[in-house]
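The following exercises ask the reader to examine a protein chain step by step.

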Amino acid sequence: MLFYDSPNPAPNPRRVRIFAAEKGIELPSKEVSIPQREQKAPEYVAKNSRGQTPILELDDGTVIAESVAIMRYLDALHPDPPLFGTSPVEIAQIEMWCRRVEMILMPPVAQVWVHTHPFTAALPGRNAEWGEANRPRVAEALKFFDRSLADNEYLAGPDFTAADILLLTTVDFAKFIGLDATEGLGSLGEWHRRVSARESAAA
């Protein structure tokens, strides 16, 4: 298999790298440069019509796109440690928190990024007013996760899971684009320090 990766600050490829590191999986990889728009090259779009990273290409040519789908594939191959849970309740709760990260926090962060950051200045259809309007939505989402972590060591309960990987990469990307991701949020800040100290976070 071959993992088509993009370096930081790209949050979605980083999800897979952290997940693989937690599992002890060594993924053969090929770097795809987003600044050079290699993900939009015809040969890459032929593999992933969305023109985004990451993808995982299997030995038989099958391509798996979308970071969580790749993580689930790797989890099925290497079930230990069980980062998506084992019991029906664990599986459901981890999925719930993964979805909450993707539905509550990621969209407004993405709007600030696309519509206000200098890196994306050349993109067509930018609307700085809309981007700025999403900053309060980011702040409210971060407060939601801060409250959610008040009584839990990790997002979905007592154990580190895929949900923590999604939240970590999103919070770090928010920091990269200049958002005060953990400022004044004690529970979220303590969680962030704890998960950032894991060896996998450097993947």
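**Exercise 1: An arginine in a helix**

Leaving aside neighbours within four places in sequence, R15 is in contact (heavy atoms within 4.5 Å) with S67, V68, M71, E102, M106, I165, L166 and T169. The model is a predicted one, in which local features need pLDDT of at least 70 and side-chain atom pairs count only at pLDDT 80 or more, while totals for chains, interfaces and linings use all residues. Residues are numbered from 1 along each chain as its sequence is written, and side-chain values use heavy atoms, with hydrogens and water left out.

Task: Determine in which helix R15 lies, and whether R15 is buried or exposed.

Solution. 
Step 1. R15 belongs to helix α1, which covers residues 11–23. Helices (H or I, at least four residues) and strands (E, at least two) are DSSP runs, numbered from the N terminus.
Step 2. The relative accessible area of R15 is 2%, so R15 is buried. Buried means under 20% relative accessible area, exposed over 50%, and partly exposed in between, with a 1.4 Å probe and protein chains only.
Step 3. A110 is 95 residues from R15 in sequence, and their C-alpha atoms are 16 Å apart in space.

**Exercise 2: An aspartate and its surroundings**

Task: State which helix holds D75 and which residues D75 is in contact with, leaving aside neighbours within four places in sequence.

Solution. 
Step 1. D75 is placed in helix α3, residues 67–77.
Step 2. Its relative accessibility is 14%, and therefore D75 counts as buried.
Step 3. Beyond neighbours within four places in sequence, the contacts of D75 are F19, K23, P81, P82, L83 and F84.

**Exercise 3: The chain as a whole**

Task: Describe the order of the elements and explain why the radius of gyration agrees with that of a compact globule.

Solution. 
Step 1. The chain contains eight helices and four strands, in the order β-α-β-α-β-β-α-α-α-α-α-α from the N terminus.
Step 2. For 203 residues, a compact globule would have a radius of gyration near 17 Å; the chain has 17 Å, and therefore the two agree. The radius is taken over C-alpha atoms, and the globule rule is 2.2 Å times the number of residues to the power 0.38.
Step 3. The C-alpha trace spans about 45 × 45 × 25 Å along its principal axes.
Step 4. Of the 203 residues, 45% count as buried.
Step 5. Among contacts between residues at least 6 apart in sequence, 62% join residues at least 24 apart.
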